[in-house]
Amino acid sequence: MYTDTIADMLTRIRNANMVYKEVVDVPASNIKKAILDILKREGFIKDYKYIEDGKQGVLRIFMKYSGQKRTKIRTINSIVRVSHAGRRIYVSKDKLPVVNSGLGIAIISTSNPEKPIITDKEARALGIGGEVIAYVW
């Protein structure tokens with residue numbers, strides 16, 4: 001049992017990225033699907049697929065690298081969990097973080113029922129704040 005399943009998923013992605021793995025599997029949940037949708041849309045991963053296993057399901061993440069086979073370049077330079085169980089980090093619409101001078105993204109959890117998980121850029125456009133889940137660049 002994991003106490004912080006999002007941190008576990010981010011760690012699995014970080015570890016797979018460090019050794020240039022093509023595929024990584026994580027236990028499924030709706031919040032993880034929303035985070036993976038953002039990572040796919042922003043170009044950090046190729047794709048992901050939900051696989052039914054009779055229990056909670058598995059998310060198979062297809063990692064993305066650029067360059068040739070021998071000279072692969074990582075698309076994700078760093079992926080960091082910001083808010084965790086012991087210390088929640090909330091920001092207002094005026095204090096939304098800018099990650100790596102705008103080259104990265106912050107993943108924000110909001111109270112908006114239509115868009116519960118969004119990027120910092122989308123939060124600025126909507127004029128809302130929320131809990132900072134992670135930074136990716």
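Modeller: Two strands are said to pair if DSSP finds at least two bridges between them, a strand being a DSSP run of E with at least two residues, numbered from the N terminus. This is a predicted model, in which local features need pLDDT of at least 70 and side-chain atom pairs count only at pLDDT 80 or more, while totals for chains, interfaces and linings use all residues. Residues are numbered from 1 along each chain as its sequence is written, and side-chain values use heavy atoms, leaving out hydrogens and water.

Biologist: What makes β8 and β9 a pair?

Modeller: Three bridges join β8 to β9 (residues 117-119) in the antiparallel sense, and the definition asks for at least two, so they pair. Within β9, I118 is the bridge partner of I108. Strand β8 also runs antiparallel to β10 (residues 130-136), with five bridges between them, and there S109 has E131 as its bridge partner.

Biologist: Why is D120 called buried?

Modeller: Buried means under 20% relative accessible area (exposed is over 50%, partly exposed in between, with a 1.4 Å probe and protein chains only); D120 has 2% relative accessibility, and therefore counts as buried. Leaving aside residues up to four places away in sequence, D120 touches L96, P97, V98, I105, A106 and I108, where contact means heavy atoms within 4.5 Å.

Biologist: What makes a set of residues a nonpolar core?

Modeller: Such a core consists of buried Ala, Val, Leu, Ile, Met, Phe, Trp, Tyr and Cys residues joined through side-chain atoms within 4.5 Å. The largest one here has 28 residues, and I13 and I107 are among those with the most contacts inside it.

Definitions and conventions
Helix = DSSP H or I, 4+ residues; strand = E, 2+ residues; numbered from the N terminus.
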